[in-house]
Amino acid sequence: MFTLLKTATVVAVLGLAAPAQARPFNISITMDSYRGQEAYLAAYIVDANGQYVSTVLTAGTRSRYLADLSRWNRMFQRAGGRVDGFSGASIGSGQSIRTQIDVPDALLNAGYTLRIETAVEDKRYQPDEAAILLGDANNGQPIAGSGYVRTVTVSY
Amino acid sequence: MWRRLHSALGLFALVVVLALAVSGAILSVYPIKDGIAAAPVATGQSVADIAGPLANALPDIESIEVSPSGQISVQYSDADGLPLSGIVDPSSGAIIASSPEPGWFYAGLKDFHRGFLMSDNGRILAGVGALVMAALSLSGLALLVARTGGWRRIFDAPKGSFAARLHAILTRVALLPLLLSSVTAVYLFAVQFEWIMVEDATSVAYPESTQGLPAVSAGTLAGLAAVPLQDLRFLQFPYPGDSYDVFTLRTDASLTVVDQFTGEVLETVPATRSERIYAWFYALHTGEGLAWVGALLGLAATLVPGIGAAGVAIWWQRRRQGGHRVQGNIAAGKAEIVILVGSEGGSTWGFARSLHRDLTAGGKAVHLGAMNDFSGRYGSAEQVIFLTSTYGDGNAPENAAKALSLLAEQVEPPKWQYAVLGFGDRAFPKFCQFAKNLDLALGTRGWTAALPVTLINRQSTQAFASWGNDLGRALGLTLSLSHQVATPPTQRLTLIGRDIYGEAMQAPTAVLRFRLSTPPRTGGLRKLMRFLGAATRYSPTDLLGVLPPDGTVPRYYSIASTASDTEVEICVRKQAGGLCSTYLHDLQIGDEIDAFGRPNPDFTLPFRRKPVSMVSAGTGIAPFAGLIRSNRRKQALHLFWGGRSAGSDFLYEDVLQAAQQSGQLASLTTAFSRMEAGAYVQDRVRADATRLSGLLSKGAAVMVCGGDAMAQAVRAEFDVILATLGTSVDALKQRGLYLEDVF
């Protein structure tokens, strides 16, 4: 019906050594029109081997249900993170969310991927909602999600 | 206090609570349906027994979930990476159906129930609704206990108007389930808004699987084989290709982390206390996994619309009687006469206002106030008059609760005189008990009575007027009290039948039949209302209120005809000097009167098919004639009736004989006092003790209608009979099985 733009919190600083060069990344996620409650969403970066690097964004107001994003949650917990007390912006059907983070140049065109997972109450959890290879090829390109996300756009 | 809180909450939240109850009732059906649909799990099956086959069949398996109702589902992706889920047969570990997302109706209804299809604001509204429901249940329980006179008596047969009885009956059934529903809802609401924190058990270290080992089938892992399938809630498979990942297994009791290669249990975390409490509250509220509780709560919720509608009707009835403003009220310190009122429902205030008005008209300075406002500082008072009803088991009504203790503070006997007028209903066991107690208390404190305590049955305006005459004499002024109980709009009736009995006995009794002068409109709405039974003006055992020619105080006569919208029959005994009875006896065919129907809710057939013994004398036969004529179900009705002479005043002789032929009357026993070997109806009751005892032991009810003396004599006979059965008239009255209509 209408679109809300919200700025989300960056929930973790990239766990790398002090980057020589970094640039601001704009990440914008627009949800599909789906029937159901507000979504829970995690966006995080993994390396070329699929190893967890850092969480970029979470959305969903009740921290308890973030753990339902189980693929992300396991990696996040193995890296020492806890969802307790976390909360993000609410994001429902048709709404949008946008955030800005600083990403070191070393991650560009090097096989690092921004992965997105979503879950909606009483609906199928989407562990592979979207995966965007960080690099010039995808800069500014809207990438379609496979579940409740319509598009994800990364630009720098 | 409770009453005001209860009404205010109920009216305020009516729509919200109704919406929650109705949607909740429908939702309660789903767990029952799911419970029936779920295939049973065999004992001895382990988690590995289904994890193995499923993992072999589905390379991209994510998780296995067991719903509270016992349905097992599996989440996986197909070869194209499309996320799917399916329902699993526990015996074979095979997918038997794809698992559909909840239908739009269920999803929408659940959303509506939790938050009226709105986001957080809607959820807050629903949470407030739940809180109000809990408060209504508790204040309602407090009212019920106060009204019936104690915990032990809350299951006594309810009294009062149809709405009051309906409210009481439905509430008793639904109260505890509704309290459970609403308290659990308030908890879930608090959790939702994170006012109560629920922490799920989580692995602290999140251990990793052993590296460098070959992949094994999930079916062979010891950590999964050790857990019985019926305990499983959730099993998370390691992400495909992630060799560090582990199996995460949740049961009601704990979270277990299992190595994907060795099957070793790496960590066990017991379920947190908050998690267990949440699971219990959730199951109790939704019925998921506790379908029988859900069914009970759902059934109780279906009664809420009825409870709400009856509650509003009660509030409306009270409101119409209430309104405590008094015109020309004199300050308490300056009044010559102080009237103090103890009233629960408000009808006593009506009498008090009439008394205030007529005393003021007689030139007195009169103050009218509530009994709880008694102060003792009545400097100019000559008389203090108490008008009070009785609440429950002989207690003070709401606005007189403090009166006795306030009076106790008055040390010196006052210089003024007092009078107590009690209002009540003889059908209640403690008739006007509070008025009697008050009179006794005042007497022992040395107060001087201007008049003996007087008790008024069922708002009798005649008795009130007669007490007014006595009061006038005591005050030295002519006081003709007229109080008009608010009468509904009257209808004009035409006399169409008239039979006079008993003239030879100098006790003329007229059976009068009337028809509505203007036939009622027969529009669609009217037809519908008549079909629903809402438009029937005159029903047996109800009363016909007749306005005498002076148009002031209506007199009430039991209706002797079957339920009808247009015709009504009454029996009228001519009273010496009786204004209304003389007027009715003098009517000729075609004459018109003004009258209205009034329900007589405490004297109707009990809601059951057991036999009923009906005992009456004289015109007391009227309500029974109506019931017998309407008895198409042929319920066993046994009539005892007393008259003077079979040849002169045998009312309804033809009707009763025909009813006996058709089976609408099971037996007829008559007594005639002015005949040879004359007897009264109570003598027949005594003579028939064996038969009556048989009926009573089978659960028969007793209905008595007639004069006070006859009713007392009959009560004494029944007490003798009931004593042999180990019970009493009072015990039967409490169960609503001994009903009296006494005049």
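**Cores and contacts in a predicted model**

Me: How many residues does the largest nonpolar core have?
Reply: In this predicted model, the residues with the most contacts inside the largest nonpolar core are B:Val615, B:Leu639, B:Tyr652 and B:Phe718. The size of this core is 47 residues.

Me: Which helix gives the most to this core?
Reply: The helix in question spans residues 708-724 of chain B and gives 6 residues. This is helix α21.

Me: What does B:Phe718 touch, not counting residues up to four places away in sequence?
Reply: B:Phe718 is one of the residues with the most contacts inside the largest core. Not counting residues up to four places away in sequence, the residues touched by B:Phe718 are B:Val615, B:Val685, B:Leu692, B:Leu696, B:Val702, B:Val729 and B:Tyr738.

Me: How many residues are in the other core, apart from the largest one?
Reply: Among the members of this other core are A:Met31, A:Ala59, A:Val103 and A:Val152. The count is 31 residues.

Me: Is B:Leu421 buried or exposed?
Reply: B:Leu421 is found in strand β12 of chain B, residues 417-424. Beyond four places in sequence, its contacts include B:Phe386, B:Phe464 and B:Trp467. The relative accessible area of B:Leu421 is 0%, and buried means under 20%, so B:Leu421 is buried.

Me: Are α1(B) and α2(B) roughly parallel or roughly antiparallel?
Reply: Helix α1 (residues 2-27) and helix α2 (residues 29-37) of chain B pack with their axes 4 Å apart, at an angle of about 5°. Angles under 35 degrees count as roughly parallel. The two helices, α1(B) and α2(B), are therefore roughly parallel.

Terms used:
Residues numbered from 1 in each chain as written. Chains lettered and ligands numbered in written order. Predicted model: local features only at pLDDT ≥ 70, side-chain atom pairs only at ≥ 80, totals over all residues. Heavy atoms only, no water. Axes fitted to C-alpha atoms, helices over the stretch in contact; angles between N-to-C directions. Parallel < 35°, antiparallel > 145°, perpendicular 65-115°, else oblique. Core = buried A, V, L, I, M, F, W, Y, C linked by side-chain atoms within 4.5 Å. Buried < 20%, exposed > 50% of the residue type's maximum accessible area, 1.4 Å probe, protein only. Contact = heavy atoms within 4.5 Å.
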